[in-house]
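Thanks for taking a look at this one with me. Below are some notes to read alongside the structure.

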Amino acid sequence: MGEKKLKDTKKKIPKSSYQNRGLKFEERIQHKCDELRKNKVALLSKVPTEWKVVRRGAYIVKAFTVAESRFVDFVGCNNKGQAIGIEAKETSNKTSFPFGNIKESQFSFFGLWCGLGAIGYYMIHFKEHEKVFLVRATDLEEIKDTIGRKSVPYKMFCEDDRFIELDYEKLNFEDYINNIKK
């Protein structure tokens, strides 16, 4: 009697792509921004990702994100009317945050943004530690230029007061973006 082979019906789970690895983190931030808007605390919105679409007639052949974004993830204003920009970053690295996770165009954007009087932040999620830190873009740029390394040690995030540890569940960044001292 011949045995029937059962077809494997398990779906293969695709590996997370480089571009989509921080998507859940960004969704958490967007949810927080929606809450802040509802409570009239701050107005921050997700900047849509620019897509390139290749068509053959009416059919979409390919769709992909533009290689180099010239903007940051979230923009808006705080309760004082100051322009705010936030770039969300996520790392699985346990010991440091590589500067290579930030595109040169993002450093350039924040240089101009902050130079014009707006305020910029990086919100950095260490997945393995389940910790989220907020750091001013100008502070991270200064650290990058003076640290003499290609990454910021995790220990520095925990000990240096320029890195603000946020509540992991609440993402309570509104306390900091609304109490800005120039």
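**Notes on the fold**

1. Let's start with helix H3 (residues 137–146), where Ala137, Asp139, Leu140 and Ile143 are buried. Buried means under 20% relative accessible area, exposed over 50% and partly exposed in between, with a 1.4 Å probe and protein chains only. Seen down the axis of H3, the buried residues fall within an arc of 160°, so they line one face of the helix; the arc is that of the directions from the helix axis to the C-beta atoms. An α-helix has 3.6 residues a turn, so residues three or four places apart point the same way. On the face of H3 turned away from its buried side sit the exposed residues Asp145 and Thr146.

2. A word on the ground rules. This is a predicted model, in which local features need pLDDT of at least 70 and side-chain atom pairs count only at pLDDT 80 or more, while totals for chains, interfaces and linings use all residues. Residues are numbered from 1 along each chain as its sequence is written, and side-chain values use heavy atoms, with hydrogens and water left out.

3. What do the buried residues of H3 pack against? Their partners are helix H2 (104–115), strand S7 (119–126), strand S8 (131–136), strand S9 (151–153), helix H4 (154–159) and strand S10 (163–166). Contact here means heavy atoms within 4.5 Å. H3 lies across S7, S8 and S10, and runs at about 90° to S8. Axes are lines fitted to C-alpha atoms, for helices over the stretch in contact, and angles run from 0 to 180 degrees between N-to-C directions. After H3 comes Gly148, with a positive phi near 75°.

4. Stepping back, the protein chain has five helices and 10 strands. Helices (H or I, at least four residues) and strands (E, at least two) are DSSP runs, numbered from the N terminus. Of the 182 residues in the chain, 38% are buried. Among contacts with a separation of 6 or more, 62% are between residues 24 or more positions apart.

5. Six strands form an open sheet in the order S1-S4-S5-S7-S8-S10, with mixed pairing. Its edge strands are S1 (43–46) and S10, each of which pairs on one side only. From one strand to the next, the twist averages 25°. Two strands pair if DSSP finds at least two bridges between them. Helix H1 (residues 23–38) lies across S1, S4 (74–77), S5, S7 and S8, at about 150° to S1.

6. Is strand S5 largely enclosed or open? Eight of the nine residues of S5 are buried, so this strand is largely enclosed by the rest of the structure. S5 (residues 83–91) runs parallel to S7, joined by eight bridges; Ile86 stands opposite Tyr121 in S7, and Gly85 has Gly120 as its bridge partner there.

7. On the S4 side, S5 pairs in the antiparallel sense over four bridges, and Phe74 has Ile86 in S5 as its bridge partner. The hairpin of S4 and S5 has five residues between the strands, and in this hairpin Gly81 takes a positive phi near 80°.

8. Gln106 is buried, with a relative accessible area of 3%. Leaving aside residues up to four places away in sequence, Gln106 touches Phe71, Glu87, Lys89 and Tyr122.
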